[in-house]
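Student: I have a new model open and I'd like to learn how to read it. Can we go through it feature by feature?

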Amino acid sequence: MANNKEGWRKLVNQIPKTKSLSHKWLNNQPTIEGFHLEDYNLNSLYKSKMRFEDDKEFRSEELRKNLPAKNPRASFSWEGYIAILFMMGMVAYQVFSNNPTYVVFGFLAIGSMVFFFLYYYRLRKKQINLKKQLEKISERQRRIDREEYEYEEAYSSLVRYARAIYDYEAWERRRNPSSWKKFSDKMFQSELISMFKTFGYDSDFAEKRDMSMVYEGYDDERCAVLCVTGKEAEAEEVIRLVKAMERNRIKEGMVVALKGYTKEAAATCQDKDIEMWSLDDVIKFEKEIELQVKKEVEESR
């Protein structure tokens with residue numbers, strides 16, 4: 001297996017921590033041979049792909065910088081100003097002349113039309129040139145987009161390998177109590193959400209005050225979960241969870257406390273019918289998931 005410091009493992013780190021795990025990689029460590037990567041240096045392959053994508057993005061950015069203005073009308077040419085002057089002259093001559101003649105009026109009218117035609121001709125020419133430039137830039141962008149990485153098939157295998165590595169390592173760390181004790185609050189919640197998803201429940205962060213996550217079981221009944229990691233769960237936290245459940249019309253509740261519960265918190269959970277989980281219960285749930293996975297694998301054979 002590649003060293004954790006190798007660059008290609010950034011692919012592993014980019015995988016959503018709340019994803020459901022593949023059953024395939026339970027107790028089955030992925031190998032580079034299994035993904036036809038034995039002839040490649042994984043770190044070099046990853047860096048080469050990143051350079052390829054960075055180069056494409058750089059060239060695309062340069063094209064965007066060279067995009068011409070899309071509104072030729074924004075620049076009013078001198079022919080347009082002269083046409084306006086002729087038209088203003090027509091109006092002024094008609095209003096202020098005591099004895100207007102068709103000759104002068106016609107001269108002013110013809111002048112305004114000639115310069116307006118010149119203005120329109122130049123405008124259309126700008127528009128046509130603009131369209132050609134935009135089409136040329138668009139075609140260059142399409143060519144950039146169509147470019148394929150030389151080792152795209154191998155890189156796709158590397159991505160699949162990274163996902164397999166993530167799943168295998170997730171299975172391994174979740175059965176280890178010491179791993180759970182090292183998790184941050186966010187990581188702890190993410191791992192629990194992933195476990196519920198792997199078990200078949202719909203689960204996600206609560207995004208609500210006084211609860212950490214929500215999962216929905218097979219009976220479509222939602223359950224609010226409060227995770228407490230750095231200390232014992234306290235009665236006040238349980239009471240706030242119950243109130244949050246009432247606000248969100250959730251009937252079932254659970255508190256997962258790695259360091260246990262105060263006597264008051266345990267009594268409050270029992271009184272409010274809130275399920276209590278410790279680290280042992282989390283590990284027990286993980287074993288239950290593994291048993292379910294093994295059963296499904298055996299039934300599929």
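Student: Let's start with W78. Which helix is W78 found in?

Tutor: Helices here are DSSP runs of H or I with at least four residues, strands are E runs of at least two, and both are numbered from the N terminus. W78 belongs to helix 3, which covers residues 78-96. Before we go on: this is a predicted model, where local features need pLDDT of at least 70 and side-chain atom pairs count only at pLDDT 80 or more, while totals for chains, interfaces and linings use all residues. Residues are numbered from 1 along each chain as its sequence is written, and side-chain values use heavy atoms, with hydrogens and water left out.

Student: Next, cores. Which residues touch the most other members of the largest nonpolar core?

Tutor: A nonpolar core is a set of buried Ala, Val, Leu, Ile, Met, Phe, Trp, Tyr and Cys residues joined through side-chain atoms within 4.5 Å. The largest one here has 50 residues, and W8, L158, W180 and L192 touch the most other members. Helix 5 gives the most to this core, with 11 residues. Another core, of 20 residues, lies apart from it and includes V228, V242, V255 and I274.

Student: How many aromatic pairs are there?

Tutor: In general, you describe a pair of aromatic rings by the distance of the centres and the angle of the planes. Rings of Phe, Tyr and Trp (its six-membered ring) pair if their centres lie within 6.5 Å; planes under 30 degrees apart are stacked, over 60 edge-to-face, and the rest tilted. This structure holds 17 such pairs. Take F35 and Y161: their centres are 5.5 Å apart and their planes are at 65°, so the pair is edge-to-face. F35 sits in the loop between helix 1 and helix 2 and Y161 in helix 5, so this pair ties together parts 126 residues apart in sequence. Both F35 and Y161 are buried.

Student: And why do Y40 and Y151 count as edge-to-face?

Tutor: Their ring centres are 6.2 Å apart and their planes are at 75°, so that pair is edge-to-face. Y40 is partly exposed, with 33% relative accessible area, and Y151 is partly exposed with 36%.

Student: Last topic, strands. In what sense do strand 3 and strand 4 pair?

Tutor: Two strands pair if DSSP finds at least two bridges between them. Strand 3 and strand 4 pair in the parallel sense over six bridges, and V228 has A257 in strand 4 as its bridge partner. Strand 4 is mostly covered, with five of its six residues buried.

Student: What is the handedness of the unit made by strand 3, helix 8 and strand 4?

Tutor: A crossover is right-handed if, with the strands pointing away from the viewer, the path from the first strand over the helix to the second runs clockwise. Strand 3, helix 8 (residues 235-247) and strand 4 form a right-handed β-α-β unit.

How values were computed: Buried < 20%, exposed > 50% of the residue type's maximum accessible area, 1.4 Å probe, protein only.
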